[in-house]
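Reader: I am new to protein structures and would like to learn how to read one. Could you take me through it step by step?

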Amino acid sequence: MNLGDLAPQDLTRRLRGPGVMLRTGPFVSRIWTDMPIMERGLSLLYADYPVEDDRGFADFHVSVMRPRSLRRWFQPQAQLLYDHQALFEPLPLDQALPMFEWGMNWAVGTMANQFLILHAATLERNGRVVIMPAPPGSGKSTLCAGLACRGWRLMSDEMALITLDDGLVVPLARPVSLKNKSIEVMTRFAPDAVFSEPAEETHKGTVALMRAPRDSVARKRDPARPAWIVFPNYLPGAETSLAPRSKAATFMEMGENAFNYSVHGRRGFDVLAGILDSCACYDFRYSDLDHAVQVFSSLASEA
Amino acid sequence: MRLPRRFQLTHHLSRRLWDGECVVYDDQSGDTHHLDPLATSALLLFAAAPLSDKELAARMAELLEAPEDNELLDWCQRTIFRFRMTNLVAEVEI
């Protein structure tokens, strides 16, 4: 059963009672909330995700609640709790949904050390995965969303989960976080895609979440082998270019930006080196999303 | 006569080479190092046999088909210093 199959009253009852056991990729999260804005957001963005048995094992326990301070009577806020502990400051109510996503990222990035976790978007086509590491503002999420709407399977917008045994990329398809101008770019590029209401004045600017394509969500148990590492860079007015880059420099950059490379010691080195062995590495510059998608299509069609 | 100081690769390193560049993982410190092609060549020479600074300069001159001059010796000494600081090579006990 998927979250979208639950009757609204049943969803509310679960979210305020035993929690909703939501499966995202290899993880199950028990989620509570007493906030209608969160219920609407979950229904909108997570309708296609499986809901598991209330009595089962959950990897993460996450709740988004209204703080009980007097402040709730003016400028209401939302607070994220992990294992019933408040780890972060509350945020304005309309940022509840992005805050939930950041909290889920935090939980995976901090706890899921059964994987080597790289800070990167990952997408798959024809059984091969492109890993796109990049700092904020590089156009990574826009490109990721664009490719996910043009035939690439979204595996993750934010985290590449790499198995330690065989170096495969494990899917964790969750909503894609779009910021500022990229929201308008994507609503024009993919008018049929589903977006959350933009949350304004977050610490990342205006943020909207794009629902992951249904097929990407459904293939939650389908890992794939990495074939390319591409560092995207959105540069207004730039010609599209795809240029080879040093594998050793790529290794260092990915290791430095990984969530848990140092946790795994020698094993982390071997796994990351194995990925570099099997991947072609590129710097990618773009300003036009349509053209960027064409370049990636050509890359995927190469033998 | 005093014997020249020789240096050898330490035993707790893993390395990978791509296109002449190298990344090295140090099991003891948990550090990862990135070496450019020249430093990679020097590391590989140390992996083959313990070397003094002058011996390294001679091997590098051969490899680069370059004169074995003071500039190269200076580079070799700085490289050995850097390798020692990062624990990639250690002095051979006599």
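**Reading sheets, helices and chains**

Author: Gladly! Let us begin with one pair of residues: Leu178(A) has Ala208(A), a residue of E15(A), as its bridge partner. Keep in mind that this is a predicted model.

Reader: In what sense do E13(A) and E15(A) pair, and over how many bridges?

Author: The general idea is that strands of a sheet pair through backbone hydrogen bonds, either parallel or antiparallel. Here, E13(A) and strand E15 (residues 205-210) of chain A are antiparallel, and four bridges link them.

Reader: In what order do the three strands of this open sheet stand?

Author: The order is E13-E15-E14 in chain A, with antiparallel pairing. Strand E13 (176-179) and strand E14 (199-202) of chain A have a single partner strand each, so they stand at the edges and one side of each has no neighbour in the sheet. On average, neighbouring strands are turned by 35° against each other, direction ignored.

Reader: Which helices pack on the sheet?

Author: Helix H3 (residues 96-111) of chain A touches E13, E14 and E15 of chain A, and its direction makes about 75° with that of E15(A). Helix H5 (residues 181-189) of chain A touches E13 and E15 of chain A, and its direction makes about 115° with that of E13(A).

Reader: How do I describe the way H4(A) and H5(A) pack?

Author: Two packed helices are described by the angle between their axes and the distance between the axes. For helix H4 (residues 140-148) of chain A and H5(A), the angle is about 10° and the axes are 10 Å apart. Angles under 35 degrees count as roughly parallel, so H4(A) and H5(A) are roughly parallel to each other. H4(A) makes the contact with Ser141(A), Thr142(A), Ala145(A) and Gly146(A), while H5(A) uses Ser182(A), Val185(A), Met186(A) and Phe189(A). The residues of this contact divide into four nonpolar, four polar and no charged.

Reader: Now chain B: what pattern does it follow along the sequence?

Author: The pattern is β-β-β-β-α-α-α-β, with three helices and five strands. The radius of gyration of chain B is 13 Å, close to the 12 Å that the globule rule gives for 94 residues, so chain B is as compact as a globular protein of that length.

Reader: How many residues of chain B are in contact with chain A?

Author: Twelve residues of chain B are in contact with 13 residues of chain A. On the side of chain B that touches chain A, E3(B) gives the most, with four residues. That side divides into four nonpolar, four polar and four charged residues.

Terms used:
Residues are numbered from 1 along each chain as its sequence is written. Chains are lettered from A and ligands numbered from 1 in the order in which they are written. This is a predicted model: local features need pLDDT of at least 70, side-chain atom pairs count only at pLDDT 80 or more; totals for chains, interfaces and linings use all residues. Two residues are in contact if their C-beta atoms, placed from the backbone, lie within 7 Å. Helices (H or I, at least four residues) and strands (E, at least two) are DSSP runs, numbered from the N terminus. Ala, Val, Leu, Ile, Met, Phe, Trp, Tyr, Cys and Pro count as nonpolar, Asp, Glu, Lys and Arg as charged, and the others, Gly among them, as polar. Two strands pair if DSSP finds at least two bridges between them. Axes are lines fitted to C-alpha atoms, for helices over the stretch in contact, and angles run from 0 to 180 degrees between N-to-C directions. Angles under 35 degrees count as roughly parallel, over 145 as roughly antiparallel, 65 to 115 as roughly perpendicular and the rest as oblique. The radius of gyration is taken over C-alpha atoms; the globule rule is 2.2 Å times the number of residues to the power 0.38.
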